[in-house]
Amino acid sequence: MNESNDDLRLRQLLRESRGRERLPPRFHERVWQRIATAEKSAAARPAFSLAAWLAAFVATRTRAAAWVVLLLGISVSTGYLVGGHASARWDAQLSRQYAASINPYLADNR
Amino acid sequence: MKRALIILTLGVVLSVVGGGAAYVHRTAPERAMACCKNPEMAWLQHEFQMTDDQLARVQTLHAGYQAGCREMCRRIQATNDLVRAEFIAPDADTLKMQRLLADAANLRGECQWHMTEYCLAVSREMSPAQGKRYLQWVCDRVLTMPGNAAMPNPSESGHGN
């Protein structure tokens, strides 16, 4: 009995409050506009999108493993390639040194 | 997000280590040669696949050749100085100059002959196939003596020590 009295009072209060406070004009439209603006600015931030993309990319174990293998593959091939160039350069320099140790004219005309 | 960062960091760290290891592995022979006492001889051994015994014999030949070569360079320089002095002298003796130039040419010929002898001796210390490769390499890169080149100074030339 007491509970139903409370319900009645609550409903009455709600009705009164609705009547008293009126929403500003184009309230709903403005709310949707603000949501759209917030979404746009979030997407425009590159760090956010990159982080989100990375998080999505490494979300599964297979993708995460693929990511690590890809990075490793690229760096190992780069290391080998750069090492090959350095090695060829050193080889050429040492061969010139040997040639100059036999023929001093080569040392003077390098 | 945290997991993504951990995987990304792991991937980057692994790739840096992997790339570095690949570089170190690829350049290992050259770095070992560069640390040697005689890098050019280490290069010769590596390039023409010589054994340690072969290298030891070639090093003996090389040391002997360099001593002779230094002396030859000194003589060429001395003759060259005489030619220059005679050339700019007010009363230049053309006959004397002719003789000096002939001496200089003979010395250069002698020098080239010593070089050729040394190269042939080195090639004989190698395996036949490598010896042939060595002679081809020497022909292309070493047995050239430009006619208009300045005479080498024994102290500045490529005698190493």
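Residues are numbered from 1 along each chain as its sequence is written, while chains are lettered from A and ligands numbered from 1 in the order in which they are written.

**The two chains**

- Chain A has five helices and zero strands, where helices (H or I, at least four residues) and strands (E, at least two) are DSSP runs, numbered from the N terminus.
- Along its sequence, chain A reads α-α-α-α-α.
- Of the 110 residues in chain A, 15% are buried; a residue is buried if 20 or more other C-beta atoms lie within 10 Å of its own, exposed if 12 or fewer, and partly exposed in between, with C-beta atoms placed from the backbone.
- Chain B has six helices and zero strands, in the pattern α-α-α-α-α-α.
- Buried residues make up 25% of the 161 residues in chain B.
- In chain B, 59% of the contacts with a separation of 6 or more are between residues 24 or more positions apart; two residues are in contact if their C-beta atoms, placed from the backbone, lie within 7 Å.

**Confidence in chain A**

- The average pLDDT of chain A is 81, and 84% of the residues score at least 70; pLDDT is the predictor's confidence in each residue, from 0 to 100.
- Among the elements of chain A, helix 4 of chain A has the highest mean pLDDT (90) and helix 3 of chain A the lowest (70).
- Where pLDDT is low, the predicted coordinates should not be read in detail.

**Where the chains meet**

- Chain A gives 37 residues to the contact and chain B gives 41 residues.
- On the side of chain A that touches chain B, the elements that give two or more residues are helix 3 (46-57), helix 4 and helix 5 (104-108) of chain A.
- Helix 4 of chain A supplies the largest share of that side, 26 residues.
- The residues on that side of chain A divide into 24 nonpolar, 11 polar and two charged; Ala, Val, Leu, Ile, Met, Phe, Trp, Tyr, Cys and Pro count as nonpolar, Asp, Glu, Lys and Arg as charged, and the others, Gly among them, as polar.

**Helix 3 of chain B and its partners**

- Which residues of helix 3 of chain B are buried? They are B:E40, B:M41, B:A42, B:W43 and B:L44.
- These buried residues pack against helix 4 (61-102) of chain A, together with helix 2 (28-34) and helix 4 of chain B.
- Helix 4 of chain A and helix 3 of chain B have axes 8 Å apart and pack at an angle of about 110°; axes are lines fitted to C-alpha atoms, for helices over the stretch in contact, and angles run from 0 to 180 degrees between N-to-C directions.
- These two helices are therefore roughly perpendicular to each other; angles under 35 degrees count as roughly parallel, over 145 as roughly antiparallel, 65 to 115 as roughly perpendicular and the rest as oblique.
- In this pair, A:D91, A:L94, A:S95, A:Q97, A:Y98 and A:S101 of helix 4 of chain A meet B:P39, B:E40, B:W43 and B:L44 of helix 3 of chain B.
- The residues of that contact divide into five nonpolar, three polar and two charged.
- Within chain B, the axes of helix 3 (residues 39-47) and helix 4 (residues 52-88) come within 11 Å and cross at roughly 135°, so helix 3 and helix 4 of chain B are oblique to each other.
- B:M41, B:L44 and B:Q45 of helix 3 of chain B make this contact with B:L55, B:V58, B:Q59 and B:H62 of helix 4 of chain B.
- By class, this contact has four nonpolar, three polar and no charged residues.

- B:Q49 lies in the loop between helix 3 and helix 4 of chain B, and has a positive phi of about 45° although it is not a glycine.
- B:Q49 is exposed, because 12 other C-beta atoms lie within 10 Å.
- A:R26 is in the loop between helix 1 (2-20) and helix 2 (27-44) of chain A, with a positive phi of about 55° although it is not a glycine.
- A:R26 counts as exposed because it has 9 C-beta neighbours inside 10 Å.
- Leaving aside neighbours within four places in sequence, B:M72 is in contact with B:L107, B:E110, B:C111 and B:H114.
- B:M72 and B:H114 are 42 residues apart along the chain, and their C-alpha atoms are separated by 9.5 Å.

Terms used. This is a predicted model: local features need pLDDT of at least 70, side-chain atom pairs count only at pLDDT 80 or more; totals for chains, interfaces and linings use all residues.
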